[in-house]
Each structure stands twice: as C-alpha cells, then as structure tokens.
Amino acid sequence: MKNLSILGELSHAEFMRDYWQKKPLLIRQAIPNFTPLVSRPSLFELAGKNDVDARLITHEDQQWDMQHGPFNTLPAITKKGWTLLVQGVNLQDESVDALLRQFRFISDTRLDDLMISYATDTGGVGPHFDSYDVFLLQAHGQRRWRISAQKDLTLVPDLPLKILNNFQVEEEFILEPGDMLYLPPHYAHDGIAVGECMTYSIGFRIPSYQELGDAFLQFMADSIDLPGRYTDPERKPTKHPAKIDNSMISHISTELNKVKFTKDDITIFLGEHLSEPAHSVIFRTPVKPLTPASFEKTARKQGVLLSIKSRMLYCGEHLFINGMSFAINDDDKTILTILADTRKLDSAILANASTDIWEALYTWYQDGWLTLS
Ligand code: SIN
Ligand code: CO
C-alpha cells in the first residue's frame, strides 16, 4: 500500500530517489480542492508588518523594478503585471505552518520557509533560477510555468533581480489550484500569472560552504584554548629590523597548528547554526506568564506545543533550540527528541518528565519558544 500524500501517486522514498535534487516533477492535484490559506487582504496586511520580509516586483516598459517592504500601500489590483512576494508566511500563520510541515519527510535541517507570491494578470518575477529546491504549489488562479534544463545560466547584468540572459523554454504547463511543480536547484523557470493568482513556494535551505566556513570559524573563536606566550631566548642581533624571521614563523605555526576541531565541535556548530531563527523573527512572550508550578500543573493536563517560530534539532547527546545547544542525558533525550520530531508533548509523555525538563520547558515558555496546548 503506497502512502498517498502531497506527492500524488509517488511515495516519499520514490520521490527522493528519482526526483529530489535531480529533475522536475509536476503533480496534478497534489492537494485536491485546495483553497488559499491566506486571503488577499491578509497577505497585503502581512506585507505591511516590520517583522515580515516582503518584496514588490514590477515589469513595465521593459524595465524590472524591485522594492523591499514593509508596504503600507500596494499598486491597484486592477493594474496588470505586478507581483508581491511575502517570505516566511509559515512563521505568521498556523495553517501555513501545518502545510509546510507536510514536507517534513525532508529533514528540518533542509526545510526553510513558505513564501506566498501574489500576482495580477501577466505578473511574474521573470525567467531565473534558484540555488535551492522548491515546490511551487498553485493556491489561487492559474499560473503558466515555463521551465528549462539549460546549462547557460548567465544573467542580464545590472538589474535589481536575477533575470536569465538567454531563457530557452523546453516545457510549459498551466498550474491550477492544488497543482504543484517541484524544481531542483539551478533549473531555469519563469511563472506568469494567467489572471490574478497566488503561488506558494516551499523553499529549502542550502548553505554555501563559504557561509558555513565563516560561521564555523566565528563559533570556534569562542572555544579556542592556547595557553602560553611566545618566547625567544635564542634571538640574535639583526641588520634587518623590519624583517619577520623564519624562526618566529615556524615557532608560531607549530603553536597555531595545535588548534584542532572535533566531530563534536562540528555537530554543536551545525546544530546551533541551523536552529538559529531567521533574523526577522520575534517570539511572542506570554503577557502574564504562569508561575512555574501552575505552568507544570496545566501542562500535565493539556500538554505543550512548540511555537511555529521555533527551530529544534538534535543529534546524539546534543539538543538544539533556536540557536542554543544543550547536553542531554539518556532519560531526558527520549522526551526531548519527541518534542523536536513531533513538535508537541502530550500529558501522557509529560508524566515522565524530570525536574530538568520542567525547568527547560518553563524557560522556553517564558521566552515564547513553546506554549501550552
Ligand atoms: C513566484 O512564485 O512568483 C516566484 C517563485 C519562484 O519562481 O521561485
Ligand atoms: Co524561482
């Protein structure tokens, strides 16, 4: 029996084996009878918020223009050819978060966010490619997608957005509400609204090695331990006082080469880095927090839920939440990994929670990282 899911007839394993990072896939009626989760006025309202990343893209008289939000006003919906992109809508709306979580057959280390794009007739962001995998779910109206496996990914220079210089269409589809198109990274595509439409982009994160290297060295700077100080009792007089002598360089390189990093260092770095919330995230803290005792009493009855803004990961003895790492013992690990994987703890599981877990849960509740169910 196949597990019928958002991938239509395909199982998760078949999708990962045959399509993920490899080739596009069009799934007609991935979500049958799909209706938008966010109305147009609600989306426009989100685009006006300070903690929401929104962009407005227009294409007029052959000129591309991109502006960054927040937007108090937007062009008229009767005006053709404009697009509003609202990033991270899953961080603002429970139902959008629930939709994004249907893609958790792919690890949270890779899942990024759900962006909603609204376009008036003929609107689009132009032919381009993305550096990450994307599922494009049609939510409202129709969009014509044209795609290409072309290797020439040169861009038109000096534009405010990435537009391919030489887009050569290979396939074309019109997506209706509920249809979904998966594209691997670097696959050229262009989506044009056929009448007013809304498209949901489920995007993944692919950190560059350069970004990881920069962040890792910053992380390691905090934990370097090199005792002692340079000494040179053998130093001779010099006729070239400005020259750095070889003996100093070899002496110091021996000491600096003592800086080593272990697999544990990399695990902790990666967990903290990948669980770091997006820069714009603001956690909503409880207005009148319960006391620790009444929090525990209520949680024991109702259970707890991770906030939709929280990122939680684990590996071995390490637990990560919102950029922080904790060493956990085997008993606490069982409960905390359930919280990370299912994003909730019900009363039956909480019955076995240790004092350490109650302390952590209460701190996270005060910080707005989790709530009572
Ligand atoms: C859009 O939905 O308008 C753009 C999404 C994309 O091309 O990645
Ligand atoms: Co794209």
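Predicted model: local features only at pLDDT ≥ 70, side-chain atom pairs only at ≥ 80, totals over all residues.
Biologist: How many helices and strands does the protein have?

Modeller: Helices (H or I, at least four residues) and strands (E, at least two) are DSSP runs, numbered from the N terminus. This protein has 10 helices and 15 strands. Its C-alpha atoms fill a box of roughly 80 × 70 × 50 Å, taken along the principal axes.

Biologist: What share of the residues is buried?

Modeller: Buried means under 20% relative accessible area, exposed means over 50%, and partly exposed lies in between (1.4 Å probe, protein chains only). Of the 373 residues, 42% count as buried.

Biologist: And what do contacts say about the fold of the chain?

Modeller: Contact means heavy atoms within 4.5 Å. Take the contacts with a separation of 6 or more: residues 24 or more positions apart account for 78% of them.

Biologist: Which residues coordinate the cobalt ion (ligand 2)?

Modeller: Start with the donors: N, O and S atoms within 2.8 Å of the metal (3.2 Å for Na, K and Ca). Water is not among the atoms, so sites may look incomplete. Here the cobalt ion (ligand 2) is coordinated by His128 (NE2), Asp130 (OD) and His189 (NE2), at 2.0 to 2.1 Å. Along the chain, these donors follow the spacing H-x1-D-x58-H. His128 lies in the loop between strand S5 (111-119) and strand S6 (134-148), and His189 in strand S9 (residues 188-204), so the pair ties together parts that are 61 residues apart in sequence.

Biologist: Are His128 and His189 buried or exposed?

Modeller: Both His128 and His189 are buried.

Biologist: Strand S9 came up there. Which residues does Met198 touch?

Modeller: Met198 is placed in strand S9. Its relative accessibility is 4%, so Met198 counts as buried. Leave out residues up to four places away in sequence, and Met198 touches Val38, Ser39, Arg40, Leu43, Ile116, Ser117, Tyr118, Leu137, Gln138, Ala139 and His140. Met198 and Leu84 are 114 residues apart in sequence, yet their C-alpha atoms are 9.5 Å apart.

Biologist: How do I read a helix pair? At what angle do H4 and H6 cross?

Modeller: Axes are lines fitted to C-alpha atoms, for helices over the stretch in contact, and angles run from 0 to 180 degrees between N-to-C directions. Angles under 35 degrees count as roughly parallel, over 145 as roughly antiparallel, 65 to 115 as roughly perpendicular and the rest as oblique. The axes of H4 (residues 209-221) and H6 (residues 263-274) come within 10 Å and cross at roughly 110 degrees. H4 and H6 are therefore roughly perpendicular to each other. From H4, the contact is made by Glu211, Leu212, Ala215, Phe216, Phe219 and Met220; from H6, by Asp265, Ile266, Ile268, Phe269, Leu270, Glu272 and His273.

Biologist: What classes of residue make up the contact of H4 with H6?

Modeller: Ala, Val, Leu, Ile, Met, Phe, Trp, Tyr, Cys and Pro count as nonpolar, Asp, Glu, Lys and Arg as charged, and the others, Gly among them, as polar. The contact of H4 with H6 has nine nonpolar, one polar and three charged residues.

Biologist: At what angle do H8 and H10 pack?

Modeller: H8 (residues 330-342) and H10 (residues 355-366) pack at about 30 degrees, with axes 10 Å apart. That makes H8 roughly parallel to H10. Asp332, Ile335, Leu336 and Leu339 in H8 meet Asp356, Ile357, Leu361 and Trp364 in H10. By class, that contact has six nonpolar, no polar and two charged residues.

Biologist: Now the backbone. Which residues have a positive phi?

Modeller: Most residues other than glycine have a negative phi, and most peptide bonds are trans. Asn33 has a phi near 55 degrees, and Asn33 sits in the loop between strand S1 (25-27) and helix H2 (40-46). At 71% relative accessibility, Asn33 counts as exposed. His186 has a positive phi of about 65 degrees. His186 lies in the loop between strand S8 (180-183) and S9. At 41% relative accessibility, His186 counts as partly exposed.

Biologist: Is the peptide bond from Gly69 to Pro70 cis or trans?

Modeller: That bond is cis, with omega near 5 degrees. Pro70 is found in the loop between strand S3 (63-68) and strand S4 (82-86).

Technical notes. Residues numbered from 1 in each chain as written. Chains lettered and ligands numbered in written order. Heavy atoms only, no water.
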